[in-house]
Amino acid sequence: MDNCITRIPFNLDPDNEMISGQVEFFADGLRIIASGKEKWIPMEGVREFRCDVGVGSVALEVCRENGDHLICRGTMDYLAVFSAASKRMNRFLDGAVPTEEWKQYKKAVCPKCHRPYLPDSEICPRCTKKGGYLRRLWKMAKSSRGYIYLSVLIFIAVAALNLVLPYLNRVLVDDYIKADQLPEAGQYVLAVLMILLVTFAVRLLGIARSFVQVRAGTELIVVLRQTLFQKIEALSLSKVSQRTAGELMNRVTQDSNQLQDFFTSDVGGLIEQMLTLFSLGVVLFVYDWRLALMVLLPAPLVMLSHRLMWRYLGPRYRKQWWRGNRLYETLYDIFSGIRVVKAFGMEKKEMDRYDAVNLRETDVRIQNETYFAVISPITNFLMGVGEFFLLYYVGNQILDGTMTLGAMQQFSAYVAMIYGPLRWLSFMPRRLARTMTSLVRVFDVLDEQEDVADREDAVDQNIVGNIELDNVSFGYEDAKDVLRKVNLQIKPGEMIGIVGRSGAGKSTLINLVMRMYDPDDGAIRIDGTDLRDIAQQSLRSQIGAVLQETFLFAGTLLQNICYSKPDASYDEVVTAAKLAGVHSFAVKLPDGYNTLVGERGHTLSGGERQRVAIARALLHNPKILILDEATASLDTETEKDIQDALQKLIAGRTTIAIAHRLSTLRNASRLVVLDHGRVAEVGTHEELLAREGLYYELVMAQRQMSKMPGELETTEQLA
Amino acid sequence: MNEASQEKETVRKLSDVAEIRYLHRGNTEIFLKNGFPGARILCRQEDGTKTVEEHNRIWLHRAFPFDLLEEYISVQNKDQEEIGLIREMADFDEAAQEILRSELEHKYYTPRITRIVSLKEAHGYSFWQAESDAGELQFTLQDTFRNLLRVGEDKVFVFDNYGNRYVIESLKALDRHSLRRIELYL
């Protein structure tokens with residue numbers, strides 16, 4: 001039975017009905033089981049498996065010589081499952097041996113609540129264990145634990161002192177002010193001084209508390225940010241590029257901030273409020289249980305009404321926030337497009353658009369303010385109801401003479417104090433929810449598997465420059481394999497040009513050689529050693545890359561050139577700069593090599609940036625050089641200059657270059673033509689032209705493009 | 001008058017320049033092969049001869065997926081290059097319409113929500129439970145506001161965190177209970 005290669009579920013039938021079915025893939029065919037029926041599709045003549053991604057559904061199909069056949073369909077939750085299956089089966093068709101791992105697929109739904117997981121994860125936003133995360137955060141807070149314990153101690157002290165204060169007040173009133181005989185002046189002053197002292201101590205502890213809190217929180221956030229940052233840097237490019245830069249920034253800054261807030265103020269606050277609540281409760285009950293009951297009875301009601309109020313108002317405020325956001329976006333949109341608005345004379349229309357959004361925002365704002373104005377006095381009143389009962393009861397007792405005025409004062413103070421924590425606690429679920437969101441997101445990153453991790457026995461290796469791609473297949477997270485069974489041998493010092501239409505897999509091939517990703521199948525070897533056995537640090541220190549997107553970090557020209565070799569001497573820098581053609585423009589700048597470039601600095605032209613990138617690579621002195629469209633964004637004349645600079649760089653190094661403009665690759669020792677992820681042709685420029693295949697087509701197409709209008713007739717005559 | 005006719009001329013020229021190939025029963029035959037739609041298109045060459053272009057399989061793509069469900073359908077090949085454009089369904093006979101419609105409904109699988117049973121929000125996600133013409137649905141939205149698209153006054157598209165689509169054909173037709181739940185996000 002278990003000669004099954006892989007097995008997947010699906011949930012849509014050909015009539016768009018929701019069903020639950022299963023497909024089993026065998027070496028000789030597929031068995032489709034759905035609604036009690038079985039269907040067998042033989043493997044004979046199958047050329048390819050395809051995952052056809054629709055807009056609201058996804059289909060798995062087989063392609064045969066005589067046309068396509070449907071295997072199964074599913075809603076978009078099944079995309080990951082289907083694409084994994086099609087990739088595995090295609091690899092199987094290419095001769096790969098199925099592994100145990102192939103039999104498994106990522107589950108799409110949480111087994112507990114049957115809701116879909118977050119895409120590409122096995123995190124259920126509903127059922128994630130919260131306690132576990134808190135415990136892990138606590139473990140991480142190792143260095144700040146001392147401060148956290150200290151702050152708890154201070155909280156206890158503050159809570160205790162807060163209880164003493166009303167008692168002292170009572171003593172003052174009953175024993176001295178309302179006493180039958182005049183008190184001694186000394187004792188009276190002493191009582192007042194005690195009150196002063198306690199108040200002072202509370203304030204002092206308050207200062208100490210904030211100090212300790214800040215320390216505890218800062219230590220924690222530093223650790224958290226460090227861990228997050230290290231983790232993100234360690235992740236492979238594929239994992240990182242699944243998320244936007246903004247999102248990652250958010251996790252490192254916002255989410256860790258949220259957690260810091262929680263630890264510094266909320267945890268402490270929680271302890272303080274609970275302590276106050278508990279000790280007040282005890283004191284009240286010991287003093288007079290009937291009184292205590294009277295005070296506490298409305299408490300659940302108060303908490304409930306508070307929660308209800310926020311459950312009702314919360315979403316409404318969020319709506320208001322959202323509409324405010326829209327208002328801002330609209331404004332930003334109109335202002336940034338003001339030239340277009342004026343060019344088409346659309347001022348009136350834009351004004352109307354803005355008015356409409358504005359009105360919508362105002363509507364919900366007025367509504368919310370009204371709700372709040374009505375609701376909040378009611379809840380406040382409810383909160384005070386207990387005090388009215390108390391007043392009546394205590395008043396009676398005073399009239400009876402069973403209670404003193406001071407005692408009443410003490411009691412009212414306690415009552416006033418007890419509602420504070422209650423109100424605070426009713427907000428706790430909201431805060432906890434927000435913290436949990438951040439916590440889940442932070443640990444989501446921390447729990448990510450490092451898929452391109454160094455092996456423990458990874459070696460440092462001196463690279464000569466032999467590169468071998470052996471049956472390499474690779475696909476990103478989505479449906480298709482980008483590279484399929486690529487075989488390529490590159491000798492040291494050779495310059496290989498990679499050619500092909502966009503989407504043919506050129507950049508992917510380069511990314512694999514740099515080990516931004518690991519191949520799904522097959523191996524890449526440098527000087528006979530598998531890439532996965534070479535320490536990444538060692539590998540990258542010997543590979544230099546000039547990419548189309550040259551990124552200059554905020555800093556000086558010098559710092560940017562030195563990026564690849566921070567300890568370079570001025571001599572080396574100037575040499576590299578001269579070779580790359582940076583020197584000529586650097587010495588014209590008022591601040592020379594110390595000119596600030598990057599986001600806020602001096603703006604360099606595209607060509608100048610490109611030269612800096614080349615200088616960077618030159619200084620790096622790599623064994624293997626990678627040029628990914630290094631000159632694509634430049635005009636022809638600048639390109640020629642840069643080409644000359646590049647030529648100096650290439651000499652004697654193994655080079656892999658990608659270029660759309662085929663003339664850029666005229667110096668290549670061999671050209672590799674990629675087509676739909678496979679190597680279609682390999683050879684020199686002349687050989688490939690003579691073959692009149694794909695390369696010939698590409699060359700001809702480019703010649704047509706670059707022809708000047710005047711030239712047309714002459715070349716046509718020639719043809 | 002002269003000006004008007006001149007203007008007409010420029011307008012006509014614009015559509016000529018665009019060179020859109022509209023497909024209709026006069027030049028196209030739609031057929032079903034292995035359960036997938038295919039097309040045979042009659043082409044008139046410049047020299048007047050007629051040739052037949054045969055596509056074993058075609059892919060359909062709505063040009064205006066939220067506004068026009070059965071008009072302006074782009075007909076594409078495997079590489080997503082446009083073969084031609086269908087302006088409206090009525091340009092084809094019943095049998096062809098049947099094939100096209102079924103293909104569109106497969107690709108754009110969009111259950112129609114008839115009732116919202118519950119809608120809860122937590123941790124930045126909203127959890128939906130709804131009844132639809134495809135039965136009971138459970139799905140999750142990340143960032144609720146951004147994933148609801150109101151088309152016109154009455155129609156709402158819902159996009160869940162996997163890229164599934166659902167539609168509420170008419171807000172007015174919803175029961176009060178359901179309307180109150182979704183209203184907050186519109």
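Biologist: Which residues have the most contacts inside the largest nonpolar core?

Modeller: Keep in mind that this is a predicted model. Its largest nonpolar core holds 66 residues. Helix H17 of chain A, residues 606-620, gives the most to that core, with 7 residues. As for the residues with the most contacts inside the core, they are A:Ile498, A:Ile561, A:Ile614, A:Ala615 and A:Ala657.

Biologist: What is A:Ile561 in contact with, leaving aside its neighbours within four places in sequence?

Modeller: Contact here means C-beta atoms within 7 Å. With those sequence neighbours set aside, the partners of A:Ile561 are A:Val573, A:Ala576, A:Ala577, A:Val582, A:Val612, A:Ala615, A:Arg616 and A:Leu619.

Biologist: How many residues are in the other core, the one with A:Leu60?

Modeller: That core lies apart from the 66-residue one. A:Met76, A:Tyr78 and A:Ala84 are among its members, along with A:Leu60. Its count is 25 residues.

Biologist: In E5(B), what is the bridge partner of B:Leu60?

Modeller: Strands of a sheet pair through backbone hydrogen bonds. E4(B) and E5(B), residues 71-76, pair in the antiparallel sense over 4 bridges. For B:Leu60, the bridge partner in E5(B) is B:Val75.

Biologist: And what percentage of chain B is buried?

Modeller: Chain B has 3 helices and 12 strands. Out of its 186 residues, the buried ones make up 25%.

Technical notes. Residues numbered from 1 in each chain as written. Chains lettered and ligands numbered in written order. Predicted model: local features only at pLDDT ≥ 70, side-chain atom pairs only at ≥ 80, totals over all residues. Core = buried A, V, L, I, M, F, W, Y, C linked by C-beta atoms within 7 Å. Buried ≥ 20, exposed ≤ 12 C-beta atoms within 10 Å, placed from the backbone. Helix = DSSP H or I, 4+ residues; strand = E, 2+ residues; numbered from the N terminus. Contact = placed C-beta atoms within 7 Å. Pairing = 2+ DSSP bridges.
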